Amino acid sequence: MTSRIDRIAQQRQQKLDRIRACGINPYPHKYHRSHTTHQAIALLEQQEGSSTVEATVVNLAGRVMANRPMGKISFLDIHDSSGKIQLYFHKEHLSEENLGLFKDLDIGDIIGVSGKLFRTKTSEPTLEVENFTLLAKALQPLPEKWHGLSDIDKRYRQRYLDLIANTETKEIFKMRSQVITAIRQFLNQRGFLEVETPVLQPSAGGALARPFVTHHHTLDQDFYLRIALELHLKRLIIGGFDKVYELGRIFRNEGISTKHNPEFTMLESYEAYADYNDVMSTVEEMVSKVSQQILGTDKIEFGGNTLNLKPPWQRISLQQTIEKYSGIDFKKYPDTDSLRNEMLKLKMEVDPQKDRGRLIDELISTFVEPNLVQPTFLLDYPVDMSPLAKTKPDDDRLVERFEAFAGGMEIANAFTELNDPIEQRQRFLKQQEERQAEGEAVETIDQDFLLALEYGMPPTGGLGVGIDRLVMLLTGQQSIRQVILFPQLKEKP
């Protein structure tokens, strides 16, 4: 038994056949559009405000999203990327060819129209159609509730339908583009150079994460999709660039949640002769200025709270904050077993394969992160968690590292970068041993990076910002899938 959707698609195919039989190409190569709908409305306002500006014929194009027939006349709405406009069709004013074509129009078809602009008695900006052209026949019907497509799974799997149906979705992704542009402007104005580094890498370095593995047949060699931008960007600092950044795609073969997608966009920047205090100032200034540029304010609404992005942000100790919210002072538990036992007393489900650093990270995500609503820098992490960061001068158990939180989620991570090649090698070896003990046979030691360090890297402040989470924050979205155009989803059976 055919479904209703199948029957509609069949009817549309029949209309397409009739259109072709009339000698009309339903999918022409191009169309000359003189104005967007937004520009057309602005032109109408200009005409209305001037006695010297005469009404002229304009060419518009867009997708038919509404049809209101009223006898010999019909009002249609078309949408383009800039907005929508109403069309006025009078059937007696259409050519015979146009009249036949009009009868086979459906919601979802893309058309080009020409005519003069006017305003109806209800003040609606309208184009009186003198001629129109079919630009693309839609063979599938839009969802019945196209004006508010609410099937979340369909919105993500068929993002094109979400963009057609929901104006607010389109605005989110326009804003995402504006955020990235504003970040580039901010860094460029401060003398940073934008660069590009390899996605395929022979070792999975720069972060503690499980990578995706692929194989290059010509070289007969396995490569990893990068889990961080860090190690190649540091090579550039060694090579003599003082300020570099990259906005790039990162791939981590780990969990999926409202805050995690297997591929995501990261900003990483590195500044020679700076430390993590300098980077903190950069982060709070950048986020505040981007918000002001895009939203016109540095006070935003997120998760029912008003967040104040204006510098300076709160700065708090990681050790003291974990103890405040969980009761555990991790300095008192210097090895994995003692910390795990203390966590078990809190009735936590503790993975026996996790090392001390990952256990501390679990304490952060469970007890600390949800409480960091206002923009906050969490400072000074255990060396176990940060193999690429420099230790504090007064405590070699901690490193100069911060994570930035807002709205109860991490949005940035930064170090005073370790530039001692001997210590860096020792830390890499220890990290590899721990991962192998956990059953992860992954090459994490980048020998070329260690060689590069031996040529000397200046003191450097490094930064990583999760662009997707920053966009979530600035657009008020609670799921990362709402700010990634095509998020990863499990295939339907």
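Predicted model: local features only at pLDDT ≥ 70, side-chain atom pairs only at ≥ 80, totals over all residues.
Lys347 has a positive phi of about 65 degrees, although the residue is not a glycine. With a relative accessibility of 74%, Lys347 counts as exposed, since the cut-off for that class is over 50%.

Helix 10 covers residues 336-344 and helix 11 covers residues 356-368; their axes are 9 Å apart, at an angle of about 25 degrees. Angles under 35 degrees count as roughly parallel, and helix 10 and helix 11 are therefore roughly parallel to each other. The crossing of helix 10 past helix 11 is left-handed. On the helix 10 side, the contact is made by Thr336, Leu339, Arg340 and Met343, while helix 11 brings Arg356, Leu359, Ile360, Glu362 and Leu363. Sorted by class, the contact of helix 10 with helix 11 has five nonpolar, one polar and three charged residues.

At 1.5 Å a residue, the 23 residues of helix 6 (residues 167-189) should span 33 Å, and the distance between the end C-alpha atoms is 33 Å, in agreement. Buried residues of helix 6 are Thr169, Ile172, Phe173, Met175, Arg176, Val179, Ile180, Ala182, Ile183, Phe186 and Leu187. The elements that cover these buried residues include helix 4 (152-157), helix 5 (159-165), strand 10 (243-251), strand 11 (263-272), helix 8 (276-295) and helix 14 (467-475). Just after helix 6 comes Gly191, with a positive phi of about 85 degrees.

How do helix 6 and helix 8 cross, and at what angle? Their axes come within 9 Å and cross at roughly 130 degrees; the two helices are therefore oblique to each other. Helix 6 passes helix 8 in a right-handed crossing. From helix 6, Met175, Gln178, Val179, Ala182, Ile183, Gln185 and Phe186 take part, and they meet Thr282, Glu285, Met286, Lys289, Val290, Gln293, Ile294 and Leu295 in helix 8. By class, this contact of helix 6 with helix 8 has nine nonpolar, four polar and two charged residues.

Strand 11, one of the elements covering helix 6, holds Ser269. Ser269 has a relative accessible area of 6% and is buried. Apart from neighbours within four places in sequence, Ser269 is in contact with Phe192, Val244, Tyr245, Gly461, Gly462 and Leu463.

Several loops also deserve a look. Asp104 sits in the loop between helix 3 (96-103) and strand 4 (110-119), and at 10% relative accessibility it counts as buried. Beyond neighbours within four places in sequence, Asp104 is in contact with Lys15, Arg18, Ile19, Asp109 and Lys137. Asp104 and Arg18 are 86 residues apart in sequence, yet 8.4 Å apart in space from C-alpha to C-alpha.

Ser123 lies in the loop between strand 4 and strand 5 (125-136). Phi of Ser123 is near 70 degrees, a positive value in a residue other than glycine, and Ser123 counts as partly exposed at 46% relative accessibility. Finally, the loop between strand 13 (305-308) and strand 14 (314-317) contains Pro312. A cis peptide bond joins Pro312 to Pro311, with omega about -5 degrees.

Terms used:
Residues numbered from 1 in each chain as written. Heavy atoms only, no water. Helix = DSSP H or I, 4+ residues; strand = E, 2+ residues; numbered from the N terminus. Expected span 1.5 Å × (residues − 1). Buried < 20%, exposed > 50% of the residue type's maximum accessible area, 1.4 Å probe, protein only. Contact = heavy atoms within 4.5 Å. Axes fitted to C-alpha atoms, helices over the stretch in contact; angles between N-to-C directions. Parallel < 35°, antiparallel > 145°, perpendicular 65-115°, else oblique. Left-handed = near helix turned anticlockwise from the far one by under 90°. Nonpolar A, V, L, I, M, F, W, Y, C, P; charged D, E, K, R; others polar.
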